[in-house]
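Let's take a walk through this structure together.

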Amino acid sequence: MAFAATALLLLFAACGVNTQSTLQADLNSPSSIRSAAKTVARSLLSHYNGDEPGQTIGILPGPPPKGPYYWWQAGAMFGTLIDYWFYTGDDEYNGITTQAMIFQAEPPLNSYMPANWTASLGNDDQGFWGMAAMLAAETNFPNPPQDQPQWLALAQAVFNTQAARWETADCNGGLRWQIPPSNGGYNYKNTIANSVYLNLAARLARYTENSTYSDWAERAWDWMVGVGYIDAEYNVFDGGHVEANCTDLNRVQFSANAAMLIHGSAIMYNITNSEKWRGRVAGLISKTVEHFFPDGIMVERACELEDKVQCNVDQHSFKGYMHRALATAAIVAPFTRQGVMTVLRSSTAGCVKSCLSDGTCGFRWDTGSYDGDVANGPAGQEMSALAALTTLLIEQKNQGPFTNKTGGTSVGDPNAGSNPFVLKPLPPVTPGWRGGAGILTAVVLASMVGGLVWISGPWGENI
Ligand SMILES: *[C@@H]1O[C@H](CO)[C@@H](O)[C@H](O)[C@H]1NC(C)=O
Ligand SMILES: *[C@@H]1O[C@H](CO)[C@@H](O)[C@H](O)[C@H]1NC(C)=O
Ligand SMILES: *[C@@H]1O[C@H](CO)[C@@H](O)[C@H](O)[C@H]1NC(C)=O
Ligand SMILES: *[C@@H]1O[C@H](CO)[C@@H](O)[C@H](O)[C@H]1NC(C)=O
Ligand SMILES: *[C@@H]1O[C@H](CO)[C@@H](O)[C@H](O)[C@H]1NC(C)=O
């Protein structure tokens with residue numbers, strides 16, 4: 001019998017079947033959630049070595065082909081870790097977070113446009129770091145020493161450099177996806193660039209009570225509706241090209257686009273207490289729950305298909321942004337709270353079953369077990385699991401984002417980032433955000449090979 005059991009184990013190991021038990025987490029117990037989150041955080045941070053000698057501070061292994069992760073994903077990871085600290089109180093990773101956030105801002109401009117990563121520098125990539133800095137201000141994350149750039153000023157620098165890039169010559173406005181004209185994707189005006197911009201504008205407006213920012217959030221919303229990226233049913237599509245005046249709508253739906261809008265709109269509702277923004281928040285959340293949470297568990301439907309997963313490394317991290325956006329909406333738009341908590345709880349229950357006891361997490365959350373999907377990550381999977389677990393603690397924390405008037409201590413600079421600065425364009429390479437546009441490119445290439453005009457991709461059945 002013993003021999004048979006050993007043989008079976010060896011067979012499992014040989015077949016790559018993981019015999020480890022699943023992560024234990026009682027989602028009704030805050031201390032159990034905290035302990036499971038700590039395990040997942042440790043597993044996530046095992047992929048980060050930027051704090052080790054000879055490594056580059058603040059990046060995950062990459063960008064491709066040097067490793068799987070583009071520059072922006074580390075920014076998203078540090079944002080996730082700031083939330084982790086805020087919700088759990090565990091400050092184990094605060095030191096490396098501050099170090100990375102300051103280092104990658106890069107002086108003298110300190111606006112998250114480091115020369116090293118120009119070749120994959122999109123407005124969204126820059127924006128994910130900017131949103132992490134904004135979150136640090138909103139959560140009163142320990143302020144950097146006075147001679148270093150401050151959280152609020154970093155977020156303002158990102159906002160200011162992006163506001164300067166808003167251009168009306170094509171598509172009646174909007175931000176392009178990429179920043180350097182030489183990058184592939186410079187001709188794509190997409191939802192992620194503009195929804196991250198809206199998100200940052202709304203949060204700066206709330207924190208500083210400066211209406212310049214909220215005017216920009218309104219403008220960004222109106223523009224996205226104007227070009228049809230957000231439709232009347234609150235579907236959120238991916239983008240269009242300037243050659244087509246943005247009318248060649250790429251109808252693929254990624255959760256990250258909707259997540260940025262949910263968060264930003266909830267903040268705008270909180271500031272304005274208006275029916276207009278209330279309707280937008282309600283509409284976005286209801287469509288999101290219907291589309292991305294079939295059976296109450298999150299599915300990245302554009303690429304997480306029933307029979308196969310086609311999501312790239314970026315897309316493997318999207319679920320966490322949605323969980324975090326919904327959690328913030330539950331706090332700043334309390335009318336959404338009951339519905340949001342229900343779906344966050346059921347989705348997180350699915351997520352936990354996708355993790356192993358050592359904090360390794362899978363991508364599919366709706367199968368009841370670990371899927372062994374490590375090819376496209378796994379930092380993104382673990383960021384998502386960490387976000388899902390920690391945001392359940394909003395019930396206990398019950399603390400909205402601070403503002404300058406309600407205890408926020410971060411010092412800003414309304415003119416941050418506005419010094420003259422010329423980007424050194426590098427030869428075009430594959431850009432950082434591999435959301436819709438990467439897919440669009442693949443589809444266009446495929447249809448060119450087939451001699452067809454692009455109409456709809458293989459994603460059509462899922463949209
Ligand atoms: C840029 O790359 C160089 C060479 O690898 C490295 O020394 C430097 O720390 C990097 N800077 C940033 C902001 O990543
Ligand atoms: C481009 O689209 C905008 C609306 O998004 C419209 O106002 C403008 O007239 C269009 N321009 C051209 C050249 O078709
Ligand atoms: C934030 O509040 C401080 C006083 O608490 C004030 O000096 C400062 O000007 C305020 N900053 C903004 C951006 O309103
Ligand atoms: C704004 O958010 C706070 C939590 O930070 C909440 O107490 C307040 O009710 C919200 N305002 C509105 C209009 O919902
Ligand atoms: C409000 O923000 C805008 C945009 O950054 C800035 O130009 C303006 O000086 C700010 N106003 C105040 C009172 O800080």
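Our tour of this predicted model begins at ligand 4, which is surrounded by Arg206, Tyr269, Asn270, Asn273, Ile331, Val332, Pro334 and Gly400. Of the 360 Å² of accessible area that ligand 4 has on its own, the protein covers 61%. Helices α9 and α11 (318-332) each supply at least two residues of this shell, and the shell divides into four nonpolar residues, three polar and one charged.

Now turn to ligand 2, where Cys171, Asn172, Val227 and Asn245 form the surroundings. Here the protein covers 35% of the 360 Å² of accessible area that the ligand has on its own. This shell holds two nonpolar residues, two polar and no charged. Asn245 places a polar side-chain atom 2.4 Å from an oxygen atom of ligand 2.

Finally, follow helix α8, which runs over residues 211-226. Its 16 residues reach 22 Å from first C-alpha to last, close to the 22 Å expected at 1.5 Å a residue. At its start, a side-chain oxygen of Asn210 comes to within 2.9 Å of the backbone nitrogen of Thr212; just after the helix, Gly228 adopts a positive phi of about 85 degrees. Which elements do the buried residues of α8 pack against? Those residues, among them Trp216, Trp221 and Trp223, pack against α6 (151-163), β1 (188-190), α7 (191-208), α9 (255-272) and α10 (275-292).

Technical notes. Residues numbered from 1 in each chain as written. Chains lettered and ligands numbered in written order. Predicted model: local features only at pLDDT ≥ 70, side-chain atom pairs only at ≥ 80, totals over all residues. Heavy atoms only, no water. Near = heavy atom within 4 Å. Polar contact = N/O pair within 3.5 Å; in protein donor to acceptor, adjacent residues only side chain to side chain. Areas by Shrake-Rupley, 256 points an atom, 1.4 Å probe, with all protein chains shown as cover. Nonpolar A, V, L, I, M, F, W, Y, C, P; charged D, E, K, R; others polar. Helix = DSSP H or I, 4+ residues; strand = E, 2+ residues; numbered from the N terminus. Expected span 1.5 Å × (residues − 1). Buried < 20%, exposed > 50% of the residue type's maximum accessible area, 1.4 Å probe, protein only. Contact = heavy atoms within 4.5 Å.
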